[in-house]
Amino acid sequence: MASSASSIDTSPARIQKGVAPLRAGQGYSFLLRRLHSLSGIVPIGAFLVEHFISNSEAVNGVQAYNDQVKFLTSLPFVHVLEWVFIFIPILFHALYGIYIWYRGESNVGEYPWTGNWLYTSQRWTGIIAFIYIVYHTYNMRFTGVHLMGGGYQYAFSKVWFDFQSPWTVAFYVVGIVAASWHFSYGVWLFAAKWGLTVGANARRKFGFVCAGLAVLLVGIGLWTITGFTRTPADQVPWVEHD
Amino acid sequence: MANSKTVIIKIKRQQTPESKPYSEEFELTYRPGMNITSALMDIAASPVTRQGKVTTPVAYDSNCLEEVCGSCAMLINGQAKMACSALIDNLKQPITLEPFSKFPIIRDLQVDRSVLFENLKKVKGWVPVDGTYDLGPGPRQSAEEQEQAYPLSRCISCCCCMEACPQFNEKTGFVGAAAISQVRLFNTHPTGKALKVDRLQALMGDGGIQECGYAQNCVEVCPKDIPLTRSIADVGGQVMWQAIKDFFRT
């Protein structure tokens, strides 16, 4: 049917605006998004859990903590391990995560519902945890006494001296809560998006499991902090400055 | 008349797809059981603003008036809803009406929702039975399959799920929950599943299922109570298995 040449053409087919249709068979965003999702569980999530457990040795005193650091820093290929399984995955997860955040349009004002709040919280806890991780890694890994190659005996001292400032302790609490929340809700999202928890009931029940995981991680984190804050100064080896 | 109850409605209007939007306020006589569509009909019958200015009737889409055609979706007090089933009694006044914000405006409350039709074509949202001869009766569906499929078949293409989705926007070009749910429907259909692989591979493209952020607004706003988050989880698993098969077995 030929269209008539009228003065006003309101045919909707001419409107070339709005959200583009699906680009079937195009691009790599599926691979990148799924890698982003997976990298949050393995290796980042697995490292997070290991890091919480290892650091909780602080409650067993200076020697136990330093021994744990000695074990970890003496792992074979430790530099390869930290770059391949920690630094590179965290950088990818964080930078691609910021890109995901930029592409979403949070609307909790219009639709103030639990799932929508959690969607927004996942973005904010992610950026808070990343800022904390950058500070924490710069401070603990790239500056001060190097804990690798014999520096492990100052591991407890390094954290202990940092914790003399209540602001640092407060920042650690914020970082622990943000990372625990982001990881635990990330596990829930992973299960939902990868089709592991398909039914509404399964998602609800797994929600309780993930909330429990978050509480557990925060608990371990705060308990670990008390391991440092309760240790008196005379038990802490003095860091020698050259 | 002065003592009778009235309804105040503020409407965001726009004369043409490109012109500037403006707002007009109307005051209508309250009648029991009124809904947004009937209020818009009242305005059309007497298009005079609250300030007494004679204006044009407000353009809006509607058809069935019973929440099955999907045409009258709009933003009612800021949320995606069907105008025909939005009862005035349940709405906070003054009521604001706006066109959907993520679809091209045609005029006033009318928007172009053809992106959903395009998406349904991309995911092959149909049962392939066209041919040059009679294919005979299809396989029977079990009662369990029917119970799973029926809620999904209730989709009315209103696009509320897409409008409310934080991931559905021009940056992502996300396909939206409705089309993903139709993939689940047709992948469970005994004849429709002939196109299962095509549908799952389509959903791996840019703007595909991976853009879902699981904010779950879709399932909250859906006027037909379709289990959309279940569909996304189910199809998400199907797409993942398909991706693994494609990667390791081709």
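This is a predicted model: local features need pLDDT of at least 70, side-chain atom pairs count only at pLDDT 80 or more; totals for chains, interfaces and linings use all residues.
Two strands pair if DSSP finds at least two bridges between them. Strand 3 and strand 4 of chain B form a hairpin, with two residues between them. The turn holds B:N77, whose phi is positive, at about 50°.

Strand 3 of chain B and strand 4 of chain B run in the antiparallel sense, over four bridges. Across this pair, B:M74 stands opposite B:K81 in strand 4 of chain B. Strand 3 of chain B, residues 73-76, is also joined to strand 5 of chain B, residues 95-98. That pairing is antiparallel and has two bridges. Here B:I76 stands opposite B:L97 in strand 5 of chain B.

Now step back to the whole sheet. Five strands of chain B make it up, in the order 2-1-5-3-4. The sheet is open and the pairing is mixed. Strand 2 (22-29) and strand 4 (79-82) of chain B stand at the edges. Each has a single partner strand, so one side of each is left without a neighbour in the sheet. From one strand to the next, the twist averages 35°. Helix 1 of chain B, residues 36-45, packs on the sheet. This helix touches strand 1 (6-13), strand 2, strand 3 and strand 5 of chain B. Its direction makes about 95° with that of strand 2 of chain B.

Next come the domains. The domain assignment of chain B gives domain 1 (6-111) and domain 2 (114-249). Their C-alpha centres lie 31 Å apart. Where do the two meet? In domain 1 of chain B, 13 residues are in contact with twelve residues of domain 2 of chain B. Strand 4 of chain B gives the most to the domain 1 side, with three residues. By class, that side has seven nonpolar, four polar and two charged residues.

Over residues 1-5 of chain A the pLDDT is below 50. Beyond near neighbours in sequence, this stretch has one contact in the model.

How many residues of chain A are in contact with chain B? There are 37, and they meet 48 residues of chain B. Helix 1 (29-41), helix 5 (114-142) and helix 7 (166-193) of chain A each supply at least two residues of the chain A side. Helix 1 of chain A gives the most, with four residues. The residues of this side divide into 16 nonpolar, 13 polar and eight charged.

Terms used: Residues are numbered from 1 along each chain as its sequence is written. Chains are lettered from A and ligands numbered from 1 in the order in which they are written. pLDDT is the predictor's confidence in each residue, from 0 to 100. Two residues are in contact if their C-beta atoms, placed from the backbone, lie within 7 Å. Ala, Val, Leu, Ile, Met, Phe, Trp, Tyr, Cys and Pro count as nonpolar, Asp, Glu, Lys and Arg as charged, and the others, Gly among them, as polar. Axes are lines fitted to C-alpha atoms, for helices over the stretch in contact, and angles run from 0 to 180 degrees between N-to-C directions. Domain bounds come from an automatic or database domain assignment.
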